[in-house]
Amino acid sequence: MQQQHNEDDVILRLRDVKVHFPLKGGFMQKTTAHVKAIDGVNLDVYRGEVLGLVGESGCGKTTLGKTILQLIHSTNGEITYRSTDEQETDLTKLKDHELFPYRKRLQIVFQDPHSSLNPAFTIFGSLEDPLKKYGIKSREERRKIIGDLLEAVNMRREYMDRYPHEFSGGQRQRIGIARALSIEPELIICDEAVSALDVSIQAQVLQLLMKLKQEKNLTYIFITHDLSVTEYICDRIAVMYLGRIVELCASEDLYARRLHPYTQALLSAIPVADLDKQTKRIVLEGDVPSPVNPPSGCPFHPRCQLRKDVCSQVEPKLKRYEIDGRDHYAACHLIDLPEAAPNAA
Amino acid sequence: MAQNHDVALTVSGLKTFMYTNKRCNKAVNGVSFQIKKGKTLCIVGESGCGKSVTASAVMQLLPTLSRIEEGEIIYHSDRGDIRIDQLARNGRQMRAIRGAEMAMIFQDPMTALNPVYTVGFQIIENLKYHTALKGRQLKDKAIDLLRSMGIPLPERRVDEFPHRYSGGMRQRAMIAMAMACNPKILIADEPTTALDVTIQAQIFELMDRLKKEHGTAIMLITHDMGAVAELADDVAVMYMGNIVEAGTVDEVLRNPVHPYTRALLASIPVLGRGKNQDIHAIPGSTPDPFDRPSGCQFAPRCAFATEACNVMPDETHVTDTHRVMCWRYEEFAHAAAAQ
């Protein structure tokens with residue numbers, strides 16, 4: 001069981017992060033509207049945990065991952081990185097060249113193993129670049145490090161002189177993981193890292209990720225739409241809807257004690273591979289609304305079966321509840337639980 | 001095989017080979033199954049196991065450099081049995097059946113709809129060839145179909161192009177097109193793989209309704225064991241061109257006897273079981289289709305392989321409906337019974 005987290009364990013703190021992409025059109029390419037991809041996210045990531053980000057396509061989970069790495073610049077808010085010696089840095093304030101030392105600590109594994117490796121480079125060629133950049137001058141040493149990395153992801157050393165097309169999807173995804181590991185990061189964002197793989201291969205990659213986490217004391221942010229995978233590997237899960245976090249809790253609580261109606265519908269929609277556990281599907285009507293004109297009040301209210309008048313008028317805040325001594329955050333007007341007192345810190 | 005009138009399609013001993021660069025890929029290597037009226041048969045397997053090729057063979061939509069080598073595909077129509085495999089691919093008879101009595105939903109609605117025609121035009125095209133409807137009736141029918149699929153404002157949507165539809169709506173438009181002539185057999189090739197779970201739930205609900213209201217026989221191709229548990233009446237598990245295990249959904253999911261089915265079920269996390277579930281990955285990866293193992297295709301990855309597995313096992317029946325291709329299945333059947 002997981003304990004309450006300590007303020008000192010925070011590796012990443014997000015405060016009111018917003019990412020709005022301008023939509024241009026008409027005469028002189030004026031900005032006519034904004035796509036509110038991320039609209040006010042507050043999140044703490046603790047050192048050594050696996051945090052799952054789940055939601056439907058278009059809910060902003062990938063954008064949030066890329067914003068954390070500053071591959072996409074946020075329009076508002078703070079993203080604070082806290083190093084082991086308790087130095088705090090707001091990544092959004094840094095210029096590109098100043099970000100350089102932080103790029104080493106935060107890495108990403110991409111979704112599509114077929115397009116994230118350059119087909120014209122050997123595996124060694126693809127993997128040596130970050131090492132060169134971070135100061136390993138001798139080619140011999142680079143070859144040794146890459147060989148060790150490939151062995152760490154259960155592949156043979158000799159594979160480093162082959163080209164990406166010689167590998168299967170699962171192998172390429174493992175090369176992607178090896179690349180993210182090459183400069184010894186502290187936090188890895190796995191953006192749908194296993195979604196493109198067959199189920200039998202998916203289990204291999206998941207087990208590899210968990211093994212590496214133990215060995216290297218890594219923190220993962222695991223972005224996926226597959227809740228069964230999330231529940232299996234994550235410590236905490238954040239459910240996103242239309243650029244906002246609607247529920248955040250320990251993974252063991254998500255299934256048994258979900259509070260938000262969206263989470264309930266999402267979980268009931270997932271077909272369960274267990275004949276004894278068939279539940280009644282809650283079928284949501286319609287599609288996810290457009291992030292250009294999000295609905296007023298609670299973003300989920302047009303599809304919610306429990307909606308009341310207040311839902312279309314006031315936007316619910318993400319409130320903290322305490323269930324069995326564990327934090328459980330949810331943003332819904334209809335939760336009938338006492339709100340927990342704010343943290344002493 | 002007992003001949004009865006609640007069977008919609010019988011496939012027996014189907015072999016489909018594909019030819020590329022003077023090499024032959026035995027994509028489907030002896031597959032037999034039946035689809036019953038008003039029931040769903042789920043075919044599960046990993047990519048490259050031949051499930052989509054089986055579907056294309058049934059619809060006579062195979063690519064040019066491939067052919068049905070052996071076996072029978074019999075469509076039990078109201079006018080008597082028709083040997084689909086003996087019809088010319090684009091002959092008059094096949095064209096009369098395809099789209100009208102047998103229809104298919106493709107995996108990717110983004111590429112299966114033609115971007116330069118309106119959705120309405122593409123639905124009407126089907127109705128024009130297969131029904132006696134004319135002029136305004138055609139359009140009204142298309143609007144009706146879109147409405148029954150739950151697409152809002154069908155009167156306006158019918159004249160819109162596919163790019164203005166969202167992924168879920170495109171897939172529903174595809175189903176509308178497939179259901180236009182109330183087919184007897186609906187083949188759905190991973191219809192929800194590209195969609196979100198909430199949209200997937202809508203599509204599943206729709207397919208359930210079609211099955212109940214029209215008695216459509218559905219062949220659902222998927223790799224999601226969850227979808228199987230929810231929708232299937234019968235299941236066939238494919239691996240490298242063979243159906244390794246088949247039976248009713250209860251038999252296959254509760255009492256799997258083929259090591260591959262057991263390994264597959266053990267390798268997926270199940271929602272609601274929490275963090276402490278045991279997940280066992282299947283070692284290795286699927287073999288190269290041009291360099292297959294000589295005997296049982298699963299033997300190199302199987303924890304129970306023996307000498308005997310170098311020879312292809314025959315299909316054996318565990319019960320009347322439950323069949324398996326494995327030399328050692330009896331041991332697993334006993335182990336499962338003992339539990």
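In the predicted model, helix α1 (residues 51-59) of chain B lies across β3 (40-44), β6, β7, β8 and β9 of chain B and runs at about 150° to β7(B). Helices (H or I, at least four residues) and strands (E, at least two) are DSSP runs numbered from the N terminus. Contact denotes two residues whose C-beta atoms, placed from the backbone, lie within 7 Å; axes are lines fitted to C-alpha atoms, for helices over the stretch in contact, with angles from 0 to 180 degrees between N-to-C directions. Helix α7 (residues 167-179) of chain B also packs on the sheet, where it touches β6 and β7 of chain B, and its direction makes about 175° with that of β6(B).

This is a predicted model, in which local features need pLDDT of at least 70 and side-chain atom pairs count only at pLDDT 80 or more, while totals for chains, interfaces and linings use all residues. Residues are numbered from 1 along each chain as its sequence is written, and chains are lettered from A and ligands numbered from 1 in the order in which they are written.

The sheet of chain B is open and comprises eight strands in the order β6-β7-β8-β3-β9-β10-β12-β11, with mixed pairing; two strands pair if DSSP finds at least two bridges between them. Its edge strands, β6 (102-105) and β11 (316-317) of chain B, each pair on one side only. Strands β7 (residues 185-189) and β8 (residues 217-222) of chain B are parallel and share five bridges, and B:L186 stands opposite B:I218 in β8(B).

Strand β9 (residues 234-239) of chain B runs antiparallel to β10(B), to which six bridges join it. B:D234 has B:T248 of β10(B) as its bridge partner. The two strands β9(B) and β10(B) form a hairpin with two residues between them, and B:M240 in the turn has a positive phi of about 50°. Antiparallel pairing also links β10(B) to strand β12 (residues 323-324) of chain B, through two bridges; in β12(B), B:V324 is the bridge partner of B:E245. Six of the seven residues of β10 (residues 242-248) of chain B are buried, so this strand is largely enclosed by the rest of the structure. A residue is buried if 20 or more other C-beta atoms lie within 10 Å of its own C-beta atom, these atoms being placed from the backbone.

The contact between the chains takes 36 residues from chain A and 35 residues from chain B. On the side of chain A that touches chain B, α6 (199-216), α7 (227-233), α8 (251-257) and α9 (261-269) of chain A each supply at least two residues. The largest share of that side, seven residues, comes from α6(A).

Technical notes
Buried ≥ 20, exposed ≤ 12 C-beta atoms within 10 Å, placed from the backbone.
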